[in-house]
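Have the model open alongside as you read.

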Amino acid sequence: MQARLSSLPVWCPPYSKTKKDPITGEDVYCICKKQDTGELMVGCDGCDDWFHFSCMRIPIKYQKLVASFYCPYCQAGITGMDKSEAEEKTVEDETGDAIKVRKTLWKKKCRLEDCYEPCTERSKYCSRQHGKEFLQEVLSKLDISGLNVGESVDKEAFVKTLIQQNDRDDFQSFIRAGQSEFIDKDVPKSLDNQLYESLIANDRKVNELINQQSIIETGTLPKAKERVELLEKYIDWISQVNIKFNEDQNSSGTTDENSSSKIDKGGKKSKKKKGLKTKPKKRICGYISNFTELPSSVDKFVEEYELHKDDGLTTLQSVCIKTRCIKHSEWSSMLLDRYLQEVELAERHQERIQLLLQTRKRQLHIQYYEKVTKKQS
Amino acid sequence: MNLLLQDPFSVLKEYPEKLTFTLENPLRTECLEFSTCGNYLALGCSNGDVVIYDMDTLRPITVLGSESGAHVRSVQSLSWSPDGRYIITGSRDWCVKLWDLNKPERPYRETLFEGPIWNCKWLDAENLRCVATVSEEDHVFMIDFNHETPIIHQIRIEEDIESNKGHVLTCCVNPNFPDVIITGTSKGWLSLLKIDNHQMDNNAFTFSSLYSTKIVNSNIKDIIISQNGDRLAVNSSDRTIRQYAVQMSEDLKFVTVDLEHRYQDVINKLQWNCIFFSNGSAEYLVASTHGSSTRELYLWETGSGTLVRVLEGAEEELMDINWNFYNMCIASNGFESGYVYIWSIVIPPKWSALAPDFEEIEENIEYQEKEDEFDQVGELEQQHELIQAEEVPIDLTTKERYDVRGNDLLRQDFVIPMDYQRILLMHSKK
């Protein structure tokens, strides 16, 4: 805590405990230790002492803007520390850092230059009157000579037309004009049809992006999803074939336990159950270059396999039937990963195009409004 | 600092000596290669991504395949085209992909094999041809990326089919004769093959064997060839690197391959992970060792076969090596963390070179004035001398053709375009 406290300003004398004049016995206040002469004073929120505006070097005109005041001694942590820490903490939590260092806080001043009244709630002005005055001042400073409007056009009328260019002639849409959602909305075509055609409807970049979007939506994404499905179907087929092999081999009843699919979705081999006295399970590689159509039915395939078992073939119906195939190891999981990645990337690309489209449209809309305003004025 | 002002002996050092940077690549690096002029470093990662680092800022600037088509298994091999515009990558996901760095978001062309790729090398970058070796295949594949769907030619030599030479594990291309490739097999056969293209038909190729010999009884893991094509080094799994002198006549009728040196780790008998030659006639050979106990790169002089330097500083076993001769950097990736260690030449600044009259001294010495040092010279004479000195024309505009090491300075890397979209996306995610 100590480290955070600022030291006393140069103009402030060191703290003295004197509260009463030693000669007259009257109460003394402030850093100047003088009696109350009716000069304007401000109460410290830390130590409850009173201080002159002049001694604190605060202009008198700021008197209504003080939100909370701390005297230099409280700011330096010399006084006011005896107040319970708990109280202080609650204040900290509400307003954050500003209070931690015990600084004088100010209210927001009215936007009108010479007015030192605090603003009313949810306003930038102390009163409606001052709001009007401020805007009138702004209007008087507005220079529209560069916009080819002609001398005759009244400034006030000009600003009004600007406001009324929104699609709906209401105050709410005027408020939204500066917000980003406004610019993302479709612009009113009717303002200038020709300009709309040339600027927005025929923008190459936008059309290109929309094109890309439709390619992904109708082509890439469904295709990739379809491939994932087909591959999963094929993997299922292969695992059924492998189950069948094991059934045939261990014609005893132990097969049920082993029949869990050997190639699961992740492609990891399910671990052999230890302790069972079954023969090592047989599993063919199953790699096929074109998996879109399933080979013959499981039973038929197994039959055929039994027939050609000893021929030394490596492929049957273009399916790799090596039992220990290093070359094609993990082919199914790899392929699945590839297609899943394709799906994921296509989806991500979709998002990206959306964002680019939004950004581009925003740019165009701004251009459109700018050009329309120029023309109309 | 200006090159002319630097100590010529340190500038001209022939190999890097000090570990200067570590790129903490969060994706485990599996293989790496500098672009030709050393402006970029491409890292092939274990998750299939290829990240390109900028060597000036040492920051990643692009990831290949950010939109689609990145590899899904670790990248085994990658290679830059000499102009720096294209990269080919071979991966364990059975794909060889060609990337155009003008559009790095997706592969330019790709082709699928029936097994994991061991390595891929450029054969003829102008025509987008490359060669690749695939796991458990007896032949090298030539890929012609010039077509929309790349054409794969199996480099099959009739006489090889009878004599079982094992699977081809590695290959490289002779820089002098770009139609000659050198292959190494799992049974220790070293072969030189020639590719003939019939001019009439662009897609018809015939292949012939120039030279074939069994040099070792184990796998040939890697073959490298020097820039001038005279030296060959073979890394095999019998823990030996063999260095050969290669001589080929112009018409390729006579090919001789003579053993020059063998490099072995006599004490620990370790295998070598990767080997790399220095530039030109390959005066140096650098190698990384297998096993967690070693963390160094060994550098031999190839003429005498003596170990001249051990590059230290890495904290783990090193795998792939790449040496760039423009910026004189050796990069190698660590096995455990996948970080990339870069050794380069550190040139001590020699500030006295800025004022040639001054000399750096260790201690104060009393100055002895020379006889004519402060003599008054006739003003006219002095003026004359000054004018004469000024009249020597100084050429400030012509660029030098070669740098001190004989690298061609006219050659320039392709500049990877800035990806503005990505910046936009990054902002949108904040």
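Let's start with the largest nonpolar core, which has 95 residues; Ala42(B), Val131(B), Val286(B) and Ala287(B) touch the most other members. Keep in mind that this is a predicted model.

Take Ala42(B) as one of those four. If you skip its neighbours within four places in sequence, Ala42(B) is in contact with Leu32(B), Glu33(B), Val50(B), Ile52(B), Leu78(B), Trp80(B) and Ile87(B). Apart from this core lies another one, of 20 residues, and its members include Tyr234(A), Ile284(A), Cys285(A) and Ile288(A).

Now for a strand in chain B.

β12(B) pairs with strand β11 (residues 129-134) of chain B and with strand β13 (residues 151-155) of chain B. Here are those pairings, plus one from another sheet in chain B:

| Strand pair | Bridges | Sense |
|---|---|---|
| β11(B) and β12(B) | four | antiparallel |
| β12(B) and β13(B) | five | antiparallel |
| β22(B) and β23(B) | five | antiparallel |

Ile143(B) is a handy landmark here: the bridge partner of Cys130(B) is Ile143(B), and Ile143(B) also stands opposite Ile152(B) in β13(B). Both pairings are hairpins. The one made by β11(B) and β12(B) has five residues between the strands, and in it Glu136(B) takes a positive phi near 60°. The hairpin of β12(B) and β13(B) has six residues between the strands.

Next, the other sheet. Four strands of chain B form an open sheet in the order β22-β23-β24-β25, with antiparallel pairing. At the edges stand β22 (272-277) and β25 (306-311) of chain B, each with a single partner strand, so one side of each is left without a neighbour in the sheet. From one strand to the next, the twist averages 25°. The partner of β22(B) in the table, β23(B), covers residues 284-289, and Phe277(B) stands opposite Leu285(B) in β23(B).

Terms used: Residues are numbered from 1 along each chain as its sequence is written. Chains are lettered from A and ligands numbered from 1 in the order in which they are written. This is a predicted model: local features need pLDDT of at least 70, side-chain atom pairs count only at pLDDT 80 or more; totals for chains, interfaces and linings use all residues. Two strands pair if DSSP finds at least two bridges between them. Helices (H or I, at least four residues) and strands (E, at least two) are DSSP runs, numbered from the N terminus. Axes are lines fitted to C-alpha atoms, for helices over the stretch in contact, and angles run from 0 to 180 degrees between N-to-C directions. A nonpolar core is a set of buried Ala, Val, Leu, Ile, Met, Phe, Trp, Tyr and Cys residues joined through C-beta atoms within 7 Å. A residue is buried if 20 or more other C-beta atoms lie within 10 Å of its own, exposed if 12 or fewer, and partly exposed in between; C-beta atoms are placed from the backbone. Two residues are in contact if their C-beta atoms, placed from the backbone, lie within 7 Å.
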